[in-house]
Amino acid sequence: MIEVVSAARCIECDKCVEVCPTRVFDRGPDGLPLIARQSDCQTCFMCEAYCPADALFVAAQTRPLAPDDPQRDEQHLAEHGLLGSYRKALGWGGGPLGARYAVGPELP
């Protein structure tokens, strides 16, 4: 279930808003996406997969985390490399596969 949108990392591209099949997000007055309907989240990870700024965290469960769960703390997520970790695992964010297929000079 979607748990965190990092205001510090978000570039306001609206990719998460566009790809969410259940319309969980609204655009906030400051331009940042808001988790408006968390209970509608299907835990499909589409928002996290498409976020080019690694500004989202989707917990691999179908119920919201407890308010004091460390996985709701942005600093904890950043320190443990969890923001955007699903996208990296797919190889979309320069992770193990993404780095291999990056555009530009050949990698060793």
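1. **Ground rules.** This is a predicted model, in which local features need pLDDT of at least 70 and side-chain atom pairs count only at pLDDT 80 or more, while totals for chains, interfaces and linings use all residues. Residues are numbered from 1 along each chain as its sequence is written, and side-chain values use heavy atoms, with hydrogens and water left out.

2. **Confidence.** Start with pLDDT, the predictor's confidence in each residue, from 0 to 100. The chain has an average of 85, and 85% of the residues score at least 70. Helices (H or I, at least four residues) and strands (E, at least two) are DSSP runs, numbered from the N terminus. Confidence is highest in strand β3 (residues 33-35), at 96, and lowest in α4, at a mean of 86. Please read residues 95-108 with care: pLDDT stays under 50 there, and the model has eight contacts beyond four places in sequence for this stretch. A contact means heavy atoms within 4.5 Å.

3. The whole structure has five salt bridges, each being a side-chain nitrogen of Lys or Arg within 4 Å of a carboxyl oxygen of Asp or Glu. In one of them, glutamate 3 meets arginine 72 at 3.1 Å, N to O. Glutamate 3 sits in strand β1 (residues 2-5) and arginine 72 in the loop between β4 (56-58) and α3 (74-79), so this pair links distant parts of the chain, 69 residues apart. For exposure, buried means under 20% relative accessible area, exposed over 50%, and partly exposed in between (1.4 Å probe, protein chains only). Glutamate 3 is buried at 7%, whereas arginine 72 is partly exposed at 35%.

4. **A bridge between β2 and a loop.** Arginine 37 and aspartate 26 form a salt bridge, with their closest N and O atoms 2.7 Å apart. Because arginine 37 lies in the loop between β3 and α2 and aspartate 26 in strand β2 (residues 25-27), the pair ties together parts that are eleven residues apart in sequence. Both partners are partly exposed: arginine 37 has a relative accessible area of 29% and aspartate 26 one of 33%.

5. Aspartate 54 is buried at 10% relative accessibility, and arginine 87 is buried at 10%.

6. **Aromatic pairs.** The structure holds two aromatic pairs. Rings of Phe, Tyr and Trp (its six-membered ring) pair if their centres lie within 6.5 Å; planes under 30 degrees apart count as stacked, over 60 as edge-to-face and the rest as tilted. Tyrosine 50 and tryptophan 92 are edge-to-face, at 5.1 Å centre to centre and 80° between the planes. Tyrosine 50 belongs to helix α2 (residues 46-50) and tryptophan 92 to the segment after α4 (85-90), 42 residues apart. Tyrosine 50 is partly exposed at 36%, and tryptophan 92 is partly exposed at 46%.

7. Methionine 46, in helix α2, is partly exposed at 31%.
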